[in-house]
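Here is a short report on one structure. It starts with a pair of helices and then moves to sheets, rings and backbone details.

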Amino acid sequence: MNHVNVLTPGFNSPNGCAFLFPLVVHRRMLANYGFGVRLRNAVTPTLLDCDTLIVDSKFYRDRWQGDAAAVIDTLEYFKTQIPRLIYCDTTDSTGSLKVDVLPIVDCYAKAQLLRNRSEYGAPHYGQRIYTDYYHRRAGITDDEPDWSEPVSQNSHLEKLAVSWNSGLADYSLLGPARMSLYGHFPVSSLLSFPRRRTPPDRPRPMQLHVRMGTTYARASISYQRQMILSRLGPPVAAGKINRRSYLDELSRAQSVLSPFGLGEITLKDYEVFLSGACLIKPNMNHLETWPDLFRPGETVACFDWDLADFDSVLTSLYDDSEARIAIANAGQENYRQYLDPDKGSLLFVKHFSNLLSKIRRK
């Protein structure tokens with residue numbers, strides 16, 4: 001048995017829930033394949049009684065400013081005591097690597113990574129490759145400019161690996177509430193993948209769903225969304241509504257626009273797959289993630305970051321309902337296989353096993 005301990009603050013954030021959800025739901029299957037996974041919320045002597053220690057980045061999130069040296073010392077100590085040390089970065093985007101961790105850990109796993117790893121060798125304005133794009137192309141600046149720290153050694157880039165994205169959680173009507181409740185009362189019956197879905201070919205009176213916020217602290221993050229809203233013009237739905245009404249809107253929409261925000265992937269993306277609408281996103285060819293849910297022209301409709309083809313992409317979806325439904329159906333079916341109690345469990349265990357098997361301490 002490969003004993004795996006996960007140091008984590010628990011189910012106290014959307015990304016935290018999504019990171020831990022499959023480890024809990026697939027715990028029995030993981031054990032059947034030789035992985036004994038235990039969640040730990042404190043640094044105790046028994047934490048290091050394992051073959052592999054996974055550190056959830058959220059555990060030390062509040063200590064990097066003001067106490068970074070102590071965090072580094074702790075991670076270095078962990079490494080001397082266990083065969084494998086994995087740092088799981090559960091932040092939103094492909095950017096913002098915690099570079100100080102790379103020399104220490106055996107593997108730096110992240111839910112989504114730049115497909116071209118060498119891109120991490122350059123600093124990116126706004127800590128993200130797409131904010132850097134708008135800064136360089138359109139001159140967008142932030143009140144407090146911030147650049148990502150580049151990775152200076154190729155050997156450190158070799159430690160990067162894709163973990164799993166936030167899609168492996170419960171995005172049904174009551175899913176977020178159940179996950180939050182599990183954080184206080186860890187009863188396994190509270191966690192299960194959603195079974196219900198809305199068929200893509202049902203009657204859908206709403207042509208395009210565009211409910212989104214634009215009030216990010218960084219102008220370089222807000223710019224893409226503001227540019228899209230300017231292109232669409234009024235009327236566009238804005239503001240928050242209750243979850244039931246929001247999911248009902250998605251189920252009545254033919255297509256749903258989901259631009260980048262703090263990250264390229266948003267929780268809305270998974271809700272759209274379940275709703276049966278056609279997901280529309282900016283091009284995501286730069287990104288590698290698992291599960292592989294975002295295949296341009298197959299499971300999601302994509303447009304260029306400069307919006308050069310934005311109008312034509314929308315027009316093609318409006319005019320060709322058969323093609324739109326085909327994309328929506330492919331996106332939903334592809335997503336559903338990872339939520340299946342049997343097939344999805346095996347797929348996750350295989351990915352988890354491959355992740356650990358590639359780690360070689362030098």
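## Two packed helices

Helix α7 (residues 219-232) packs against helix α10 (residues 310-319) at an angle of about 60°. Their axes lie 11 Å apart. That makes α7 oblique to α10. Axes are lines fitted to C-alpha atoms, for helices over the stretch in contact, and angles run from 0 to 180 degrees between N-to-C directions. The crossing of α7 past α10 is right-handed; in that term the near helix is turned clockwise from the far one by less than a right angle.

Which residues make the contact? α7 gives I228, R231 and L232, and α10 gives F310, D311 and L314. Contact means heavy atoms within 4.5 Å. By class, the contact of α7 with α10 has four nonpolar, no polar and two charged residues. Nonpolar covers Ala, Val, Leu, Ile, Met, Phe, Trp, Tyr, Cys and Pro; charged covers Asp, Glu, Lys and Arg; the others, Gly among them, are polar.

## Basis of the model

This is a predicted model, where local features need pLDDT of at least 70, side-chain atom pairs count only at pLDDT 80 or more, and totals for chains, interfaces and linings use all residues. Residues are numbered from 1 along each chain as its sequence is written, and side-chain values use heavy atoms, with hydrogens and water left out.

Helices (H or I, at least four residues) and strands (E, at least two) are DSSP runs, numbered from the N terminus.

## The four-stranded sheet

Four strands form an open, parallel sheet in the order β8-β9-β10-β12. Strands pair if DSSP finds at least two bridges between them. The edges are β8 (206-209) and β12 (301-303), each pairing on one side only. Neighbouring strands of this sheet are turned by 20° against each other on average, direction ignored.

Strands β9 (residues 253-257) and β10 (residues 278-282) pair in the parallel sense over three bridges. S255 stands opposite C278 in β10. Helix α8 (residues 243-252) packs on the sheet and touches β8 and β9. Its direction makes about 115° with that of β9. α10 also packs here, touching β8, β9, β10 and β12, with its direction at about 160° to that of β12.

## The six-stranded sheet

Six strands form another open sheet, with parallel pairing, in the order β2-β1-β3-β4-β5-β7. β2 (35-40) and β7 (160-162) stand at the edges with a single partner strand each, so one side of each has no neighbour in the sheet. Neighbouring strands of this sheet are turned by 25° on average, direction ignored.

Four bridges join β4 (residues 84-89) to β5 (residues 107-110). The bridge partner of I86 in β5 is C107. Helix α12 (residues 343-357) packs on the sheet, touching β1 (2-7), β2, β3 (52-56), β4, β5 and β7.

## Rings and backbone

The count comes to 22 aromatic pairs. Rings of Phe, Tyr and Trp (its six-membered ring) pair if their centres lie within 6.5 Å; planes under 30 degrees apart are stacked, over 60 edge-to-face, and the rest tilted. The rings of F35 and F352 have centres 5.3 Å apart and planes at 85°, so this pair is edge-to-face. F35 lies in β2 and F352 in α12, so the pair ties together parts 317 residues apart in sequence.

The peptide bond from W290 to P291 is cis, with omega near -5°. P291 sits in the loop between β11 (287-289) and β12. S96, in the loop between β4 and β5, has a positive phi near 60°.

Terms used:
Parallel < 35°, antiparallel > 145°, perpendicular 65-115°, else oblique.
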